Structures are given as C-alpha cells and as structure tokens.
Amino acid sequence: MVFTTLVLLLLLTLVPIFFLFRRNKYNGQLPPGLLGLPVIGQSLSLLNALKADKVEKWFQERIARHGPVWKANLFGYPTVVLHGPTANKFVYTCDGNILTNTQPPSISRILGSKNIIELSGNVHRRVRAALVSFLKLEVLKQYVAKVDEEVQHHLLTHWHGKQTVEVQPLIKILTFNIICSLLFGIERGPKREKMLPLFQDMIEGVLSIPINLPFTKFNRGVIARKKLEPMLLNLIHEKRKAIEEQNQQEDTHKDLITSLLSIRDDDSSTMMSEEEIIDNIIVVMVAGYDTTSTLLTFLVRLLATNKSIYSTIVQEQQEITSNKACDQEALTWEDLTKMKYTWKVANELMRIHPPVTLSFRRAQQDLEYEGFIIPKGWQVLISSSMTHMDGSIFQNPTAFDPSRYEKHAPPPPFSYVPFGGGARICPGMELAKVETLVMMHRLLSGFTWELLKKDEYFKRLPMPEFDQGLLVRVKPLKENHVI
Ligand code: HEM
C-alpha cells in the first residue's frame, strides 16, 4: 500500500516535469492559456464549477479570454480544451487509435481493462458490434413490454401508497432493475438484491478520489468489483449451459449476456471471452445507471414546475391510454412512437442538463487542430454543456423550447450531442429512450406530484445529485389505483 502511494506521488511529480520539458519543443504552436500549477492546475476551479452547475460559465469565461481552443492543466494532465461543433466533430470522428479514450488506471481497476470505454481501433469495433447487436432498436422494440412490467412493479412498490418520494435514488434503482432484467436476465429476487449495493459501491468508487486505503470509497469500489466477479462468472456459466441445453438459435436474443455468448467470429469461435463479457457487463451497468436516471429525475422536476409542458405531455399520454383496453395493458413500440412531444421535452432537458457534460480523450501522437499543436500524451476535452448553451447555435439558449427539435429546423450536426457522436456514440441511447418514455407514461397515468422543496439544488459530482434526492409529495390519480 505504502509502495503504491509512493509510486503514485512519484508519477504525479514526474509527469508534469516531463510535459514541461516537451512544451518547449512546440514553441508558439501550443494554444493560448496557462497550464498553472503542476498536477492541480485548474482542476479545482473546474470541479467547483461542476458542483455549482456552472460549467458552461467556466467555459464561457475562458473562451472569451483565449478563443475556442486553449490549454489548461486538468486532473494531472496538460489538456487542450476545444469548443464548437467543428471541435466536437474532430474529437468524435478522429481515428480511435490517435485520440484514445484511455481512462486513468484507477478507473480501469474497477471497470476492468477490457471494457469498451478503454478499447480502441478494431478491438473497440468488435466489442461495440457485440453490444449493439442487442441494444439496437430492432431488438429493443421487442422488449418494451418487459421494461413496462419493471416500471409498473417499481411504481407499485416504491410510489404507490407513499406520501413523499425521493425521486432520484428510487429512479436509480429502477434503471438498475431494468438493466438487470433486460440485459443480464437477472429477475427480481435475492441475486439482484445482493448485486445492487455492490454496483453502487463500484460506481461511487469510479467517481471518487483514487486512494486505495481501507474505508475510502475507491477501496470499497475495488472490493465490490472483486465480490461481483465470481457472481457474474456464475451467471455467464448458467447462461452458457442454458444455451447448450436449449440449443438456442443465434437470433433469439434472450438478454445481452446470452446474446454476447452466442455471437461467433468468422471461424465460429466465441467472439468475446468471459473476461471481456464481465468487464462489459459492468461498464454497461455503470454507463446506464446514473445517466437515464438523471434525465428522468429532471423530467419529474420540470413537470412539477412547468404547467404548460405538463398539460401538453399529459394530453399526449392520455391519447395513448384511451386506445388501451385497460390501464394495465402493456405498452408497445407503436405506443412509444406516438410520444413525440414527450421525447422532444426530454431532448430539450438533455440540452440544458446533459447527463454527461465532459468528454476526455488522449492524443497518442502530435495532432494539429486549427493551426495549433496538440502534443502527444496531452488530454483533449470537449463539453456538451458548452455547445448546447452557445447562443450562436441555439437561439435564446436559456429558454426551454422543445420545438427546437421540429423536423424542419433540427440543430446543425455535432452541435446537439447529449449522446456523444461518431464511433463512440452512446450504444444505450435507444434503451434510454424506451426507459424514459415508458416511465413517463406510467408516472403521468398514475400520479400527480409537487416538489417539497421548490429550490432543491443539485451538485454535479460529476453526475447531477439532488441535495435531498428530489423530494416530492405524490398523490395517486385514482384512489385504490392499481397500476
Ligand atoms: C440518457 C441516458 C444516456 C446518456 C445521456 C448517455 C450519454 C453517453 C455519452 C455522451 C457517451 C459518449 C461519451 C464519450 O464519447 O466520451 C456514452 C457512451 C456510452 N454509453 Fe451512454 N448514455 C445514456 C444511457 C446509456 C445506457 C442506458 C447505456 C447502457 C445500456 C449506455 C451505455 C454506454 C456505453 C457502453 C458507452 C461507451 C460507448 C463506446 O465507448 O463505444 N448509455 N453515453
């Protein structure tokens, strides 16, 4: 442990010195801006801006000073920060071997070195193809009723009969349950209940300061991963056995794990190893847990405060209910395609509060962008918050206006990027849409709610976290209502 800490300290000292030496090589070609103190640089001020949800102000001030390309020292690395749709396109479409998505070693210690976020080039393409084979729309369409069943059960257990509800932590449990059921085939019961706290510890570990000492969040995350590995391995073995026994057809997707186990390379060998499957199950859970729940939490808050949007959405949802034989009849993909206004509202929310606000890459060779050099080893950072709030792209950017997404006036390419873009565009975006629309339909058909704290604030850590989990008072629409 002491040795690890010493090595870490040594690295933190040597890396900036190395970069300082290299800086001279690029005299005059580096972007404007100050690197500031080694290691710390502007990290604390960016972290403070994130916490206060003022990240676009943080960017705007620096763009006003330096222009759309500047340098800073962030989270231990010299970084070139880029702004604008051209910059987004440059980062999202750059060859993945040149601008890699490498995460700090502390993160891969919890998420695993073979998770999709770590990979680049052909290996990334192979793992991504495997994930997308299940997460693509044509497949997900068949699972709308399954998501609906989880949502209805969730509302019955956690909302019905309650006077107050802490929305955000509960919706996180919902997204965990949907991913467990739909993607991993883990149905309700003790297995799921045992896994939930371990996943929560892992996610906290990933987002914490990476000090591996007893009782730190990071340490708890590392331990949780160790405990989860054998559980996930057992699950993989159970599913492999089931595939062999039932002689399943390749195109019968029962869940993501079964699908990953069934995918074969050209030479008929299994496309993904058990280690790869474990790392990617973990990353899918981490990537899908906080993101969709953030969007849903903001939707619940918006609908409690904006009466005009509330009544338009309710009208759209009532039309869907009116075509059903009874309230409980399962939703279908057809129903979701009719929720056009609801999805526009969700899109506008993701413009103003994108769940993922920063995207980092690392240059594997010297690169040129707009006449500046991005040296090998430096980080590159773009922020969706900044592009989304740019008045030259979105007129009157602080106004909440779902009509921005009308077909006749879609935002220009690479300017609206809540799900990223290019080869790494979020593979879970269709699932996020299904989860969001189903939950909105069931919530609005079953309940009304009001905020208990009108000005409950949230911090970005880096995901938005409401101070009291977004506390609401709920009322069922029908007494003795059974969803
Ligand atoms: C509203 C919900 C969601 C939002 C806003 C969101 C946003 C994003 C963004 C911005 C990226 C790209 C990051 C970058 O390029 O640096 C990404 C990647 C990713 N997302 Fe999502 N996501 C959401 C839901 C989900 C869900 C439900 C899943 C899983 C089922 C998921 C799985 C992933 C994975 C695996 C990646 C990495 C892809 C790769 O590196 O090729 N996301 N997401």
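In which sense do E4 and strand E12 (residues 471-476) pair, and over how many bridges? They pair in the antiparallel sense, over three bridges; strands (E, at least two residues) and helices (H or I, at least four) are DSSP runs numbered from the N terminus, and two strands pair if DSSP finds at least two bridges between them. The model is predicted: local features need pLDDT of at least 70, side-chain atom pairs count only at pLDDT 80 or more, and totals for chains, interfaces and linings use all residues. Residues are numbered from 1 along each chain as its sequence is written.

Within this pairing, Thr164 stands opposite Arg473 in E12. The open sheet has three strands in the order E4-E12-E9, with antiparallel pairing. Strand E4 (164-166) and strand E9 (447-451) each have a single partner strand, so one side of each is left without a neighbour in the sheet. From one strand to the next the twist averages 35°. H13 packs on the sheet and touches E9 and E12, its direction making about 85° with that of E9.

Helix H13 (residues 274-305) also packs with helix H18 (residues 429-446), at an angle of about 35° and with the axes 10 Å apart. Axes are lines fitted to C-alpha atoms, for helices over the stretch in contact, and angles run from 0 to 180 degrees between N-to-C directions. Residues of H13 including Gly288 and Leu295 meet residues of H18, among them Leu431 and Met439 (contact: C-beta atoms, placed from the backbone, within 7 Å).

Definitions and conventions:
Two residues are in contact if their C-beta atoms, placed from the backbone, lie within 7 Å.
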